[in-house]
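Reader: I have a structure open and would like to go through some of its local features with you. Could you take my questions one at a time?

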Amino acid sequence: MLTNHYPSAPRDDQPTAVLEQARAAKSMLISLSGLRGIGKTIWVRRLADDAGRFRVVSVSADSFEASFPFALADKVVRAAGHPNGVFEEGTTPDLASVIRSLLTTLSRNTSTARRLLLIIDNAHWIDEASLQALRFVLGRIAFSGACAVFSGLSPHTDDIATGIVHAEPGAWSDVRTVHLEPLDVAGVRAYISQVHGIEVSLRLAERIRELSGGLPLLIDAVVAAMEPPPGAARAHWDEDVRLPLRPESPITRQGYDTRPEVTCAVEIVSMLRDAVSAREVEQIATLLGDVVDVEAAIAEGLLIRAAPGTVRPFHDLFATDLRERLQPERKSAILAAAAESVSNPHRALLCRLDAATELDPELLLRVREAAESARATGNAERAIGYLRRAADLADPALRGELLVEACVLAGAAFVSPVVLDLLPELEALPRNPVRDLALLQTRQITGDIEWALAFVGELLATETDHPDAAVLRMHVTMMAVMIQLTTDDYAPVLDLLDAAREIARGVQAGATGVHDERLAPLPSAEEILLRATGLAVVASARTAETPRMLAEVESLSRLIHTAGASPALSDALTCRGGVLAGAGAIEAATADLERSLALAADGTVGWSLGHARVLLAYCWWLKGRVADARAMLEDAVVAALDSIDVASRPLVYLLRAVLAAEAGDEDSYAENQRIAREVTVTDYDTFGAELELLAVVQRARARNRPDEVLEALSPDALGGRWLAGAGIFTYRVEALAALGRAEEADRSLSELHERAGRDWSPIYGSLNWLEGRVAEAYGLHDRALRAYRLAAREGAPVPRAQALHDAGRLHILLGETAAGTRLLRQAAELFSDLGALPALRRTLALIEDVDPATIAGIEALSTREREVAQLAALGRTNAEIAESLYLATPTVAFHMRKVLAKLGLSSRRELGAVLSQTSPG
């Protein structure tokens, strides 16, 4: 399976973007280079697959043929259609005859409309005789508009391209150099998702990158050898994934320049892993009593320039291999010297820790100071890293203390997955109240709910004489709340929250700090009050205790008003925003959720970040901000499997399925539904079953199947599941009316009238719109039109578009074509803005002057083509569209041409007329 793009390449270097540039250029020579295993072959195959009207001739050079004259030329001639190649039986080809064969075969079946695209992969293995012939031939063919691609290792491939250009100056109107870099962690995650159809966390992607060096070839090998998790259920944090040993690397530099000054430079930089300044390399070498030549190492290709004045190894795998070959004494010496030389305090401390063999008091003091500084600046994972490295040097008693401290900090900062590997050691430590809290915080995220319920119950039933007993009990009680929530049994939750708040008020009144400094990172009593009250709002809404819920909202609002920035404030805003969204108060919910995410953007992140993202995307979608909702979900997908907010994982994909259903994208709908099932790790439901239902209902509506809507919303299908609100039943009335079941639709509408202002709101369609649907089902057309017109002036874009469509459709049905067409054009403009392609297609089908072929073309557009078409219809330029969709401008132009071709249009102006239904320009 090929990716649609290369994840680490800039937009302008994507195959589609380069191909579009080649189409626009009179002739183009492309040099594609990168390390072995980087994905060059995938890149050129993608280019060939999308070549369209180009005549593609594609070959690959081989190392064993590099010494055979004209071996590559023979392959090219055969690939171009000559079965005998250049080696006629009994003859030895000469340069002139090979040139004639190449010119003849490559020029055949080409024209200005069907130009040649010659692709030579592994170009660094081209034999010299073939290269000599190609220099001459391509110089001639370029004048007829050819495109040639040379893909291979640097620098030889770039030299080949340069030589061809210099052989015939002026022949090539454009020359492109593309250099592929190894994938970073996010790129690895994206690659595994696109190529292997597996969603992995960023943490797992980082582990895979360490083994693969970010090379797609090795990523494929690692993923293929990954042991699947035992059983059907997927672990919460991929802790059950067993990665293979590092695969055999294609990157080796044995036998490089062994001059001591080069070797020393490479060893120092490799030991420091990340980029380091040349000046610091020289200082380290001086302390070692050595001499280095950084520039010579760069010339050898062993080091490469990074940021200004810094260097790094040419590849991570090379550095890893070198580190493994160094003697332990040499490693320690380099690290000790680096600790005295590097200017970055964090890096210097890591070097000192890695060089040390024991944890002396002075080093322990430096670790604690650095950890506290990192924690205070919001970098808990760095602080945990310090503590863990120090623990590796400590005696057993101090090691246990440091590991408990690291786990408490991880729980406080919502990054417990980074210490999951410490669980066996944590469980083996002697029991004490702080160790017990650390164990509860860490183990409960694994999903072992039965153990967590029993252990937290034991802790709550036990009194302790610890000097921080009240603080410990406050946090254990809040842990009991979080564990209870994951059972989906809300009955005990409110009592636990009341208990937590009572303890917090007592701690708050005491106004004394903690005695055990390991507890210092835990949330304060004020934060516990804020977070507990937010959860009380959610719990009382879930248990349908409306009076209490209103009282808790009032209390929460007072606390939010006076609260300073903190993770607890972020969570409280998300709790209130979620309840408001479920109640249909979308504007108020949006304000809370945007504020919560603004805190996260400043580094103040709570445990509910995953929910905040999904809820805000949902609100934006309801408000008609579809592009913003999609962008938010793209961000959410990247971090979904790393978020401590595990209940939000499936919600990200379910909302993507909702948007895909509305857009009529069946493939995306099915893919996101599949992933949502795979990443679900708990039955804990904080959004209600509404997103799951909404996706199914929106797909049925997009396919115009009201019977499927009714089936999805039937009592049997719902099975008594909790819903955040009754808004989804708006679509039950619509479906009944569409099927002509007027009396049933009327009864359902009466139920919604009774629930309006309580648990039903007009987020999916107004009461006026539903009145119109029911009236039309009864045959009361005038009444229906009045209701539709009222509905068209109220609410969000989606309900307005629905009302305009129905009003226009009914006018057309009654023979009032002019009035109907005017309303349908307005509906089409809204549907186009919303990306609701099936609804747009049905609307356009009712307008007499729209060509049916255009409607069929709209249905044939890909998801990306639809996005480009919608933005173009709004008058956006290609550059503006590229910025919105994170594409290269030539890629947008490429999609734009496909859109116009599928719609049978000749200009963007016509596209705007069709999609927005304004008058033709």
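Reader: Is Thr843 buried or exposed?

Author: In this predicted model, Thr843 is buried, because its relative accessible area is 0%. The residue belongs to helix α41, which covers residues 837-845.

Reader: And what is Thr843 in contact with, leaving aside its neighbours within four places in sequence?

Author: Once those neighbours are set aside, Thr843 is in contact with His805, Leu824, Ala827, Ala828 and Phe831.

Reader: Switching to rings, how many aromatic pairs are there?

Author: The count comes to four aromatic pairs. One of them is formed by Phe314 and Phe318, a tilted pair with 4.8 Å centre to centre and 40° between the planes. Phe314 counts as buried because its relative accessibility is 9%, under the 20% cut-off, and Phe318 counts as buried as well, at 5%.

Reader: What about Tyr731 and Tyr764, how are their rings arranged?

Author: Their ring centres are 5.4 Å apart and their planes stand at 25°, so the pair is stacked. Tyr731 sits in helix α35 (residues 730-738), whereas Tyr764 sits in the loop between α36 (742-755) and α37 (767-778), so the pair ties together parts that are 33 residues apart in sequence.

Reader: Are those two tyrosines buried or exposed?

Author: Tyr731 is buried, with a relative accessible area of 0%, and Tyr764 counts as buried at 1% relative accessibility.

Reader: Which arginines lie over the face of a ring?

Author: Arg140 lies over the face of Phe136, at 4.2 Å from the ring centre, and Arg649 lies over the face of Trp237, at 4.6 Å from the ring centre.

Reader: Back to Phe318 for a moment, which residues of helix α13 are buried?

Author: In α13, which runs over residues 316-325, the buried residues are Leu317, Phe318, Ala319, Thr320, Leu322 and Arg323.

Reader: And what do the buried residues of α13 pack against?

Author: They pack against the helices α8 (202-212), α9 (216-225), α10 (260-272) and α14 (328-341), and also against the strand β8 (310-313).

Reader: Since β8 has come up, what is the order of the strands in its sheet?

Author: The sheet is open and has three strands in the order β6-β8-β7, with antiparallel pairing. Its edge strands are β6 (276-277) and β7 (303-305), each of which pairs on one side only.

Reader: How many bridges hold for β7 and β8, and what stands opposite Leu303?

Author: β7 and β8 pair in the antiparallel sense over three bridges, and Leu303 stands opposite Pro313 in β8.

Reader: Now the backbone, please: where is there a cis peptide bond?

Author: The peptide bond from Ser154 to Pro155 is cis, its omega being near 0°. Pro155 is placed in the loop between β4 (147-152) and α6 (156-167).

Reader: Which residues other than glycine have a positive phi?

Author: Asn122 has a phi near 50°, and Asn704 has a phi near 60°. Asn122 lies in the loop between β3 (116-121) and α5 (128-141), while Asn704 lies in the loop between α32 (690-702) and α33 (706-712).

How values were computed: Residues are numbered from 1 along each chain as its sequence is written. This is a predicted model: local features need pLDDT of at least 70, side-chain atom pairs count only at pLDDT 80 or more; totals for chains, interfaces and linings use all residues. Side-chain values use heavy atoms; hydrogens and water are left out. Rings of Phe, Tyr and Trp (its six-membered ring) pair if their centres lie within 6.5 Å; planes under 30 degrees apart count as stacked, over 60 as edge-to-face and the rest as tilted. Buried means under 20% relative accessible area, exposed over 50%, partly exposed in between (1.4 Å probe, protein chains only). Helices (H or I, at least four residues) and strands (E, at least two) are DSSP runs, numbered from the N terminus. A charge sits over a ring if NZ of Lys or CZ of Arg is within 6 Å of the ring centre and within 35 degrees of the ring normal. Contact means heavy atoms within 4.5 Å. Two strands pair if DSSP finds at least two bridges between them.
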